[in-house]
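Here are my notes on the model, point by point. Please read them with the structure open.

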Amino acid sequence: MTTALITGSTAGIGAAFARRLASDGHNLVLVARDTKRLGEQATELHDRHGIEAEVLTADLATDDGIEAVAARLSDRKNAVDLLINNAGFANKGVYLDVPMEDELKMLKVHCEAVLRLTSAATEAMRARGRGGVVNVASVAAFLPRGTYGASKAWVVQFTQGAAKDLAGSGVRLMALCPGFVRTEFHERAGMGTDNIPNWMWLDADKLVTSALADLARGKSLSIPDPRYKAMMGVVKVTPRGLLGGLSSKTGRKYGPK
């Protein structure tokens, strides 16, 4: 049986990955900050699917948390075959309204942790000649609005560049770029969602199914819904100056209130 490590596993997209991978027979290493929720999740998945679920409490906004997860990924005797870098959050407010401490914390989780964990995982995977990494980004990566989108743009560029560098090694890397997903994400950030149209919402379980199919196909970028694929197609051909104005207007309409 193969083993998958999932950061931010107890809620949202991370929990959807955990459910799907457990149902497919993968053993899991579940990573989050809440030890109690981790234990409950591990017990449920073990009892329902008969897999082994290891828990690792870690805060990826800290060096100690990142180092603990990196050490687990580097363990050659207990190999991790698939890494899902899902942990992340958003800050409520526009640029300069958000405290610098919070901005730097987000960059630590979205960029530094992703870099260090991906590196730890892929070094071990390359030595074995197989493995996969999914780095969860966002369609916000393609829109010039806010530091959240900027951090996710870094995730996309890093992942696709690393995927090219590791081509032929047996290690696959993919950036996953969902749109709005019905999870705890917005509630935790204190963001209202009543103004977001129903058609823009995605189901986390369907998203994971599409993402894993794209990873199996060898894609380095996954936008797992036809609606968002069409929207991002328009974004690609829209002049950057105009796109900035549209992004700002859309952010005021559908962003946090």
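1. Start at threonine 3. Leaving out residues up to four places away in sequence, threonine 3 touches Asn27, Val29, Ala79, Val80, Asp81 and Leu82. Contact here means heavy atoms within 4.5 Å. Threonine 3 lies in strand S1. Threonine 3 is buried, at a relative accessible area of 12%. The classes are: buried under 20% relative accessible area, exposed over 50%, partly exposed in between, with a 1.4 Å probe and protein chains only.

2. Ground rules. This is a predicted model, in which local features need pLDDT of at least 70, side-chain atom pairs count only at pLDDT 80 or more, and totals for chains, interfaces and linings use all residues. Residues are numbered from 1 along each chain as its sequence is written, and side-chain values use heavy atoms, with hydrogens and water left out.

3. Overall make-up. The chain has nine helices and nine strands. These are DSSP runs numbered from the N terminus: helices are H or I with at least four residues, strands are E with at least two. Of the 257 residues, 47% count as buried. The chain exposes about 12,600 Å², and carbon and sulfur atoms supply 53% of that area. Accessible areas come from the Shrake-Rupley method with a 1.4 Å probe; for residues, only the protein chains shown count as cover. Among contacts between residues at least 6 apart in sequence, 70% join residues at least 24 apart.

4. The sheet. Seven strands form an open sheet in the order S3-S2-S1-S4-S5-S6-S9, with parallel pairing. S3 and strand S9 (221–222) stand at the edges, each with a single partner strand, so one side of each has no neighbour in the sheet. Two strands pair if DSSP finds at least two bridges between them.

5. Strand S2. Which residues of S2 are covered on each face? Asn27, Val29 and Val31 are buried on one side, and Leu28, Leu30 and Ala32 on the other. S2 spans residues 27–32, and six of its six residues are buried. S1 (residues 3–7) pairs with S2 in the parallel sense over five bridges. Threonine 3 has asparagine 27 as its bridge partner in S2. S2 also pairs with S3 (residues 53–57), again parallel and over five bridges. There, alanine 32 has threonine 57 as its bridge partner.

6. Crossovers. From S2 the chain passes through helix H2 (residues 35–49) to S3, a right-handed β-α-β crossover. S1, helix H1 (residues 12–23) and S2 also make a right-handed β-α-β unit. Right-handed means that, with the strands pointing away from the viewer, the path from the first strand over the helix to the second runs clockwise.

7. H1 lies across S1, S2, S4, S5 and strand S6 (171–176), at about 165° to S1. Helix H3 (residues 63–73) lies across S1, S2, S3 and S4, at about 150° to S3. Axes are lines fitted to C-alpha atoms, for helices over the stretch in contact, and angles run from 0 to 180 degrees between N-to-C directions.

8. Serine 222. This residue is found in S9. Serine 222 counts as buried, at 0% relative accessibility. Its side chain makes a polar contact of 2.6 Å with the side chain of aspartate 214. A polar contact is a pair of N or O atoms within 3.5 Å; within protein, one must be able to donate a hydrogen and the other to accept it, and residues adjacent in sequence count only if both atoms are side-chain atoms.
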